[in-house]
Amino acid sequence: MSNQVFFGLDGAQDLQDFDIGVVREFIDFFPENGLSKVLKGYLGSGFSQFPLKAPQIDQDGVSLASDDEDVPLTPEDCLILMSDGVDEAQESVLAHRLMGEYYLFLDEYESAVETTRKGLKLVVDQAQKTGLKFQKTLDALNSTLATALIHYQTPKNHPEAKEIFEAILARRPTFTPALIGVGFILEEEEDYSGAIDFLGKALENEPSNARIGAELAWCRALNGDYALGLDGLEEYLQYPQMDASNPRGRELRAQTLYRIGICEWELHPSASARKNRQGAYTKFLAALKANPSFAPAYTSLGIFYEDYRNDKKRARQCFQKAFELSSSELIAAERLARSFADQGEWDIVEVIAQRVVDSGKLRPAPGSKKDTGVSWPFSALGVVQMNKQEYQKSIMSFLSALRISPDDYHSYVGLGESYHNSGRYNSAARAFRYADNPTDGVEMKKTGESWFTKYMLANVNRELGEFDEAIQGYEEVLEGRPNEFGVSIALLQTLVERAWRKIETGFFGGAADSALQAIDVATTVAKYKPGAFNLWKAVGDASAIFSWVQERLGDTPLKKIQELLKTDFEADGYDLFNDIDGVGQVELGLLFPDSESDDHPSILERSLHAALLAQKRAIHSRTYDVHAQAVAWYNLGWTEYRAHVCLEQRSEHPKQGTKFLKAAMKCFKRSIELEAGNSEFWNSLGVITTTMNAKVAQHSFVRSLHLNERSARTWTNLGTLYLLQSDLELAHMAFSRAQSTDPEYAQAWVGEGLIALLLGDAAEALSHFTHAFEISDSASLITKRQYGVSTFDYLTSSPSSSNNITHLIQPLFALHQLSFQSPSDIPHRHLAALYLERVGNYSSAISALTSVCATAEAEYEDSESPASLSRFAQAKADIARNQLAAHAYTAAVEDAEIALDLISDPESCGMSAETLRKTRLSARLTTGLAHYYLNDMKAALAAFRAALQESKSAPDVVCLVAEVLWAKGGEEEKSVAREQLFASVETHPDNIGSVILLGAMAALDEDAETIDAVLADLQALRTSADIDSSQLVRVEKVLAAIAAVGGSASAVENETKTKIMLNPAHSIGWQQLAECSEEPFPAQMALKTALKCVPPAGPLHALDLARAFAGTGTLGDAQRAVVLAPWDVVGWKEMGAVLG
């Protein structure tokens, strides 16, 4: 700053105010000084109006040539010299000011900003030291800084530049550089009227400045007055400043010629005028002749060639040249990017878009009046990043595009697709829904058709498992584009996926309906695209669905599938593996034969044959794709295995099942040959060979686990192999590993349950089977079977649990689902009937057992096997028992006698000794009770005697006979009943039923002798730990009846108090005490204990709770009693008593 003060330059607004002689002398005296180097470079650059050396003038005023006159410095030499000078004169404000102006002259805006900011900092430091303001120097530096900011990272820095200019204009309203700067900023912000105002003021200050005049004329043109703008531009084109002999003049002339061409282009918008090479076209060429590096002219020429000459090659060359020269040519960049995108050159598209983004020209400056910026570069980057599977980056790019253009429809689609591909399905759904139907009033800019949005939204719904919405979306798209293959295949696959989901969730009817829809869609697709791999894979899956929902086998559209498989294909192609599995073109003809015959395959077999044929055709459809071939063989292998599983269970086809197993093994081997690194293929081979070759199966499972050790399915399959080989320890280790890998995989828990069964721990097995059933889906058969059987075994071993209906509902539902999936599974249908009997649904049990009898009878007629006979006899005995419960006594007698006749020969009935004994006993007891209710006592007693003989006087049978004899009412019969019970008690003193029955008989007959004999036993039973709750209730009732026999109220009250003392948490005792004493406290205790015993805390029923409320004697509790059990008269009577 001292140098500047020394020169007297602190007040110089412009270098024109410098004493140039002093400057030249300073350069001569101090040639190595940093400021001297800057001054020398500045004066020798041609940018300064003063030459470096003063011209020599003779006496007549004529300039004389001098031998030592300096040769002008090149721009490179000037820049190097000035840069070195600034580095040496780091404290010189003048050096930084001149350097900044020279950078601005060279269009090096970033360097100009950096250098000028340093100069401003130096001025501030000197101002603090000296107390002087140096306002003119500050204005000069700020003017240079703001002018550079206009062009540096435009329009990011426009607010700062505008703020600087306005601060200067506030002090100096006629400061020309500030007026020009604000005008340029307003022009960039498309505020043309404001720009005209400021540029007009600047032109008033410098009327001869062609640059200002040309810019003012251009703003008038941009403001809509192209004629006035054209006149002004043509006028200023003749000014000396437009001289093409110097660099600045060439640039300004090229810019003006280009703008004249734009004005002519807009004034004559017709196609013929724009095609005319004598119009705007000539001006664009003239601009390029004046300055071959003027990028906007290349852009306009590219538009001319592309839109009006249909010369794509030249157009691309022009756009490419324009974009090479300036990344700010957004139109050229966009058209160039679209051209390369159409050719699939995505790497080049990325380069173009990234360069445009880096230019900073996309977003309008804060506070700008520009409506929106330019979003397509971000959208293009998003598309490129999606193609590279860089979905997080593409999401950010599309979001950036939408921040600039919130109504950009295609960016929303790209954003949704990126979310979809990255697994963020909920976000994808929101993006697609908003793109299709904005909820905030935004009107989307849509170009072309919008069906792709609906299609992608349907894909998202499909991924989210919302199959109904996905199917609806696909169908809406197909209404407008019926032959859109991708959409049709997606619809077909979604229908199949929905069918599988329906099976997993237990909606078997919905699964069959979805499979039927899939066949219809496949028929449509096959008409125009019969060679699609996914088509035949889906047809195979849809056909196989019916083997999982065998209740709907009759709905299998075999005729449609047959016609579909015959579409555009040679029938001999279906003979693949025909020599092994026996399924080929012959079976294709039998899918829907002209006439039914007993020799024809069953519907189940034909549905599986259809699935096999479809999977075989899928193999032929992708012979050129190795991966698709491997997957096709894998799919065929599992379909062969499904046929093996379904058909081997049918006794008439044991050999055919083996064929399917061998064919499946061949398929999996072939898939492994094509893709040996797939763990699922090895696992499948292990499953197939488990029953054929244990060593091969073990090797396959180990190989699969080597490829993917976190597969719970493979660990479970390995455990099953060890279980079949009776190695329980290794099986347990494998199942445990599967459980730790995936605790929700049900089959691993089933395996542990089977191990527990083999080890004799039935309770542990039931726990595992119950958990497996709870976490499994409805497609699993083994979980339902094992859960149902184990639960029934537990119920039969625990009479108290057997009477609790809540323990029966869940296994009954499991077996009910099983009947839909496998109606031919007779043992479990029979078991379901036994559950129905226990819950009291006798009509359904009879219907189920009748069906079991019909199936067993048909099997026996075909095979005459003892097993079929045994199954038929057991079903007849069970159906007779249910008919007895349903009061169909005659039918019960008939069915029970049929069962007894069928098992009369122990050698031929096919039953074990224990099963035979139980079946006979059930049938004889049923016969005896039915005859009793038919008032045929003679036949009833004969049946009971046979039952006693069959059971070897089992105490429960004795009790039943005694009840019948007692019910007959004669003294002789009652005496015989007592004798039978006493004998049973002597033989089986631990039988509780005999003692209770003796006590009940004694109480009814008021037989004091018998009462004395059994009273002590009954009192001992009431405190026994071996008695269950239902038996305890019976004991309490008998003791209460015995106490009432004496006729003493105090005895009854004492008995009730004893009951309360032994079980104070039981509400019945408190209710009985309340009835005896008529005091309020027992009734209140009865209510409190009852409230603590309602579910889930206890098994108290609504009726018992209602009576506890009714016993308190208050109106509110009486009303509660009526609400809880409106069918019970006790609550109504109590409420009437309170109100009366």
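**Exercise 1.** Determine whether Asp520 is buried, partly exposed or exposed, and describe the salt bridge that Lys560 forms with this residue.

*Solution.* The model is a predicted one.
Step 1. The relative accessible area of Asp520 is 35%. Buried means under 20% and exposed means over 50%, so Asp520 is partly exposed.
Step 2. Lys560 has a relative accessibility of 39% and therefore also counts as partly exposed.
Step 3. In the salt bridge between Lys560 and Asp520, the closest N and O atoms are 2.7 Å apart.
Step 4. This pair links distant parts of the chain, since Lys560 lies in helix α29 (residues 558–565) and Asp520 in helix α27 (residues 508–528), 40 residues apart.

**Exercise 2.** State where in the chain the partners Glu160 and Arg117 lie, and classify the exposure of each.

*Solution.* 
Step 1. Glu160 and Arg117 form a salt bridge whose closest N and O atoms are 3.0 Å apart.
Step 2. Glu160 counts as partly exposed because its relative accessibility is 29%. Arg117, with a relative accessible area of 36%, is partly exposed.

**Exercise 3.** Explain why Glu334 and Arg338 are separated by about one helical turn.

*Solution.* 
Step 1. Both residues are in helix α18 (residues 330–342).
Step 2. They are four residues apart in this helix, which means a separation of about one helical turn.
Step 3. Glu334 forms a salt bridge with Arg338, and the closest N and O atoms are 3.0 Å apart.
Step 4. Glu334 is partly exposed at 23% relative accessibility, whereas Arg338 is exposed at 51%.
Step 5. The count of salt bridges comes to 36.

**Exercise 4.** Identify the residues that touch the most other members of the largest nonpolar core.

*Solution.* 
Step 1. The largest nonpolar core has 112 residues, and within this core Leu39 and Ile352 touch the most other members.
Step 2. With residues up to four places away in sequence left out, Leu39 touches Val23, Phe26, Ile27, Leu94 and Leu98.
Step 3. There is a second, separate core of 83 residues, which includes Phe432, Leu492, Leu591 and Ala632.

**Exercise 5.** Which residues form a nonpolar patch on the surface together with Ile809, and how is Ile809 classified by exposure?

*Solution.* 
Step 1. The patch consists of Ile805, Ile809 and Phe813, which together have about 280 Å² of accessible area.
Step 2. Ile809 is part of helix α43 (residues 806–821).
Step 3. Ile809 counts as partly exposed because its relative accessibility is 32%.

**Exercise 6.** Compare the radius of gyration of the protein chain with that of a compact globule of 1140 residues.

*Solution.* 
Step 1. A compact globule of 1140 residues would have a radius of gyration near 32 Å, while the protein chain has 50 Å.
Step 2. Along the principal axes, the C-alpha atoms fill a box of roughly 170 × 85 × 55 Å.
Step 3. The chain contains 60 helices and two strands.
Step 4. Of its 1140 residues, 49% are buried.
Step 5. The accessible surface comes to about 54900 Å², and carbon and sulfur atoms account for 51% of this area.

Note on methods. Residues numbered from 1 in each chain as written. Predicted model: local features only at pLDDT ≥ 70, side-chain atom pairs only at ≥ 80, totals over all residues. Heavy atoms only, no water. Core = buried A, V, L, I, M, F, W, Y, C linked by side-chain atoms within 4.5 Å. Buried < 20%, exposed > 50% of the residue type's maximum accessible area, 1.4 Å probe, protein only. Contact = heavy atoms within 4.5 Å. Patch = residues over 30% accessible without salt bridge, like charges linked within 9 Å, V, L, I, M, F, W, Y side chains within 5 Å. Areas by Shrake-Rupley, 256 points an atom, 1.4 Å probe, with all protein chains shown as cover. Salt bridge = Lys/Arg side-chain N within 4 Å of Asp/Glu carboxyl O. Rg over C-alpha atoms; globule rule 2.2 N^0.38 Å.
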